[in-house]
Amino acid sequence: MRPDIDLRAFLDTRGAKILLTLSLLAVAGFAALGGLIQPALVPDRTADLEMTFFVISLPLTLIIPALTVWITAGEWSDGSIQITLLQRPGRLAVLTSKAIAALVVFVALAAVSIGLAAASTWIGGELIGEGAVLSSIEGVLTTQLANLGATFLFSLAMGMLLQSTVLGLVAAIGIPFVIGTASNLAMAFGSQTLADVIAAVDLTGASLALANGEAGAFELLPLVLLVLLPAALGTQRWRHREIG
């Protein structure tokens, strides 16, 4: 396995540099929006770290799928996977390497986002408002990161399964949107049956239950259906798919 090769191959492309630059600008902009504007909106004129990171998570739910699917499936879409597999014949090793590279990018992005959120919250609370609430870091490291972790895992599974940048992005972004919309409709109409069906594929809800230590067998079902099963099928397809 050589995740460093896959990471360099991704970072050396012009498209990846543009995407990363725009992503960092978006994260920084939303961090400033969340941290600096809070004191003007809340009654006690404070800035809360968890709220700032929640604002940052809005663009991250799009950025994480874009980066993860691109790293995982990009070479299948542009045809360069043939060269990669000629140089590194072990298909499973290449797949594992790409998954590790995507994980490294996700962890780095999450760390930068937390740092920007903390800095923006402190500036907004201490220099503009009446104080900064940084003690909510626990909520950031559990609830918020659990949501982003679920987004990463689902995006990785879609990239592995579909092996197409376009299809992977459509699935990684579209399916959670449809599930979230259906969940809101179930709550609006008060349909418990529909709510139970949606809960079986609600990866966000399952991630929150896992983060809070409240997950049972049913809460693990979305993880199996939306991450483990697609990843297993994607691994099999990766091993046997013909090139060309």
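Leaving aside its neighbours within four places in sequence, which residues is Lys98 in contact with? I began my notes with this question.

**Entry 1: ground rules**

I am working from a predicted model, in which local features need pLDDT of at least 70 and side-chain atom pairs count only at pLDDT 80 or more, while totals for chains, interfaces and linings use all residues. Residues are numbered from 1 along each chain as its sequence is written, and side-chain values use heavy atoms, with hydrogens and water left out.

**Entry 2: Lys98**

I looked up Lys98 and found that, apart from neighbours within four places in sequence, Lys98 is in contact with Asp6, Ile71, Thr72, Glu75, Ile81 and Trp238, contact meaning heavy atoms within 4.5 Å. Lys98 lies in helix α5 (residues 91-128); helices here are DSSP runs of H or I with at least four residues, strands are runs of E with at least two, and both are numbered from the N terminus. I noted that Lys98 counts as buried at 2% relative accessibility, where buried means under 20% relative accessible area, exposed over 50% and partly exposed in between, with a 1.4 Å probe and protein chains only. I also noted that Lys98 and Asp4, 94 residues apart in sequence, are 9.1 Å apart in space from C-alpha to C-alpha.

**Entry 3: α3 against α5**

Next I looked at how α5 lies against α3, and I found that their axes come within 10 Å and cross at roughly 160°. Axes are lines fitted to C-alpha atoms, for helices over the stretch in contact, and the angles run from 0 to 180 degrees between N-to-C directions. The two helices, α3 and α5, are therefore roughly antiparallel to each other; angles over 145 degrees carry that label, those under 35 count as roughly parallel, 65 to 115 as roughly perpendicular and the rest as oblique. By class, the contact of α3 with α5 has 17 nonpolar, five polar and three charged residues; Ala, Val, Leu, Ile, Met, Phe, Trp, Tyr, Cys and Pro count as nonpolar, Asp, Glu, Lys and Arg as charged, and the others, Gly among them, as polar.

**Entry 4: aromatic pairs**

How many aromatic pairs does a search of the whole structure find? I found three, a pair being rings of Phe, Tyr or Trp (its six-membered ring) with centres within 6.5 Å, called stacked if the planes are under 30 degrees apart, edge-to-face if over 60 and tilted for the rest. The rings of Phe10 and Trp70 have centres 5.8 Å apart and planes at 80°, so I put this pair down as edge-to-face. Because Phe10 lies in helix α1 (residues 3-11) and Trp70 in helix α3 (residues 49-78), the pair ties together parts that are 60 residues apart in sequence. Phe10 is buried, with a relative accessible area of 5%, whereas Trp70 is partly exposed at 29%. I found another edge-to-face pair in Trp76 and Trp238, with 5.4 Å from centre to centre and 85° between the planes. Trp76 lies in α3 and Trp238 in helix α10, so this pair ties together parts that are 162 residues apart in sequence, and both Trp76 and Trp238 are buried.

**Entry 5: α6 and its packing**

I then followed α10 to α6 and found that α6 (residues 137-162) packs with α10 (residues 221-240) at an angle of about 30°, the axes being 7 Å apart. That makes α6 roughly parallel to α10, and α6 passes α10 in a left-handed crossing. With helix α7 (residues 165-189), α6 packs at about 140°, the axes 8 Å apart, and α6 and α7 are therefore oblique to each other. By contrast with the previous crossing, I recorded that of α6 and α7 as right-handed. The contact is made by Phe154, Ser155, Met158 and Leu162 of α6 and Leu167, Gly168, Ala171, Ala172, Ile175 and Pro176 of α7.

**Entry 6: a loop residue**

Last, I looked up Gln163, which lies in the loop between α6 and α7, and found its phi near 50°, a positive value in a residue other than glycine. Gln163 counts as buried, at 2% relative accessibility.

Notes: Left-handed = near helix turned anticlockwise from the far one by under 90°.
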